[in-house]
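Hi,

Here is the structure I promised to pass on.

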Amino acid sequence: MAVALTPPSVPGRAGELLAELGDRAELHDVYDETGSPIYHDFSLKDTHEVRELVGLVRQTPGAVLELAAGSGRLTLPLLALGREVTALELSEGMLRLLDERLAQAPGRLRERCVPVRADMSSFALGRRFEVIVLGTTSVSLLDEEGRAGLYAAVREHLAPGGRFLLSTADIVTSGAPGPDGAEAEVEAVIEAVGASGRVYRMHDHWPAGSDTRTVTIFPATVGDEGPVTVCTTTVGVLPADRLETELAASGLTVLSRHPLPGTGRYRDVLLEVGVTA
């Protein structure tokens, strides 16, 4: 069943395309039962930040807690390091996809992974980890209260001398000047081939000055008949400076920043964080 979203909730050209599809459009959240497999397929071949994150994890021996693990885009590379990985994820659909991937993985990887269904903004696992990872700029899915809960939980679970590694979208420019000198709305459209061979078109809509982005995924070809599954989600834009201030207020210190390759109005950056002495 589609989530309770309507085309007007999707802005920009993506919203116009939904309106054109009319009753054919079946709108889902990216993380619901229908959206999870599509997001999984769309992102499975995406290697963005994987090499950089794995490289930082390699520098700190010990057990790894991966937050918002999803279907395992980072989990499998982390297991390949020879680490014990606890993969925490809230979405049941994503956890099923992770279980399927683990079932197909070599036993030496599978036996070192512990999937856990929990909310990254409030969890209690009763142990500490040398490394805690939150990739894919997933911190932006949480509101201010949720992030405060996340930081508190991280402090409770991070071993002495451990590292919290998280990525965020750092703003490069807040928009292109329009004809009247004001910053214009920007909607980037990216076409990508999923692991299944299906082709998708992702609309990334970020109005100038807004602290949220709306990401909407369409099939690249919709045809003339039949239902069309479209997935959408709204995520925050959390500049690294703001995130560093929040972390400091919660007793966590950013030790270093690692910019990631990218172009456009924002570029991802990896933050390496420790507990304030």
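What follows is a walk through the parts I looked at. Keep in mind that this is a predicted model.

**The cores**

Let's start with the inside. The largest nonpolar core has 29 residues, and the members that touch the most others are Leu67, Phe164, Leu247 and Leu271. Strand 5 (129-134), helix 7, strand 6 (158-171), helix 8 (240-249), strand 11 (252-259) and strand 12 (266-275) each put in at least two residues. Helix 7 gives the largest share, with four residues. As a general point, nonpolar side chains in soluble globular proteins tend to be buried together.

**His157, in helix 7**

Helix 7 covers residues 144-157, and His157 belongs to it. Is His157 buried or exposed? His157 counts as buried because its relative accessible area is 4%, and the cut-off for buried is under 20%. A polar atom of the His157 side chain sits 2.9 Å from the backbone nitrogen of Leu125. Beyond the residues up to four places away in sequence, His157 touches Phe123, Ala124, Leu125, Gly126, Arg127, Arg128, Phe129 and Ile132.

**The hairpin of strands 7 and 8**

Next, find strand 7 (residues 186-193) and strand 8 (residues 199-206). They run antiparallel and are joined by eight bridges. Glu187 stands opposite His205 of strand 8. Five residues lie between the two strands of this hairpin, and Gly197 has a positive phi there, near 95 degrees.

Asp204 is also in strand 8. Asp204 is buried, at a relative accessible area of 7%. What does its side chain pair with? The side chain of Asp204 makes a polar contact with that of Arg213, at 2.9 Å. Leaving aside neighbours within four places in sequence, Asp204 is in contact with Val186, Glu187, Ala188, Arg213, Thr214, Val215 and Tyr266.

**A pocket, and helix 2 beside it**

The second largest pocket has a volume of about 160 Å³. Its lining is made by Pro37, Ile38, Asp41, Arg198, Val199, Tyr200, Ile217, Phe218, Pro219, Thr229 and Cys231. At least two lining residues come from each of helix 2 (35-43), strand 8, strand 9 (212-219) and strand 10 (228-236).

Helix 2 is mostly covered, with seven of its nine residues buried. Those seven are Gly35, Ser36, Ile38, His40, Asp41, Phe42 and Ser43. What do they pack against? The buried residues of helix 2 pack against strand 1 (25-29), helix 5 (92-104), strand 7, strand 8, strand 9 and strand 10.

Gln104 is in helix 5. Gln104 is exposed, with 71% relative accessible area. Between the C-alpha atoms of Gln104 and His40 there are 16 Å in space, and the two residues are 64 apart in sequence.

**Two positive phi values**

Ala68 has a positive phi, near 50 degrees. You'll find Ala68 in the loop between strand 2 (64-66) and helix 4 (75-79), and its relative accessible area of 24% makes it partly exposed. Thr136 has a positive phi too, near 55 degrees. Thr136 sits in the loop between strand 5 and helix 7, and at 31% relative accessibility it is partly exposed.

**Arg24**

Last stop: the loop between helix 1 (12-21) and strand 1, where Arg24 is found. Which residues does Arg24 contact, leaving aside its neighbours within four places in sequence? They are Val222, Gly223, Asp224, Glu225, Gly226, Pro227 and Val228. A polar atom of the Arg24 side chain lies 3.1 Å from the backbone oxygen of Val222. By contrast, Leu81 is 57 residues from Arg24 along the chain, and their C-alpha atoms are separated by 45 Å.

That's the tour. Over to you!

Terms used. Residues are numbered from 1 along each chain as its sequence is written. This is a predicted model: local features need pLDDT of at least 70, side-chain atom pairs count only at pLDDT 80 or more; totals for chains, interfaces and linings use all residues. Side-chain values use heavy atoms; hydrogens and water are left out. Buried means under 20% relative accessible area, exposed over 50%, partly exposed in between (1.4 Å probe, protein chains only). A polar contact is a pair of N or O atoms within 3.5 Å; within protein, one must be able to donate a hydrogen and the other to accept it, and residues adjacent in sequence count only if both atoms are side-chain atoms. Contact means heavy atoms within 4.5 Å. A nonpolar core is a set of buried Ala, Val, Leu, Ile, Met, Phe, Trp, Tyr and Cys residues joined through side-chain atoms within 4.5 Å. Two strands pair if DSSP finds at least two bridges between them. On a 1 Å grid over the protein atoms alone, a cavity is a set of points where a 1.4 Å probe fits but cannot get out, and a pocket is an open set with protein on both sides within 12 Å along at least five of seven lines; lining residues have an atom within 4 Å of a point. Grid points are joined across faces, edges and corners, and a volume is the space filled by probe spheres set on the points.
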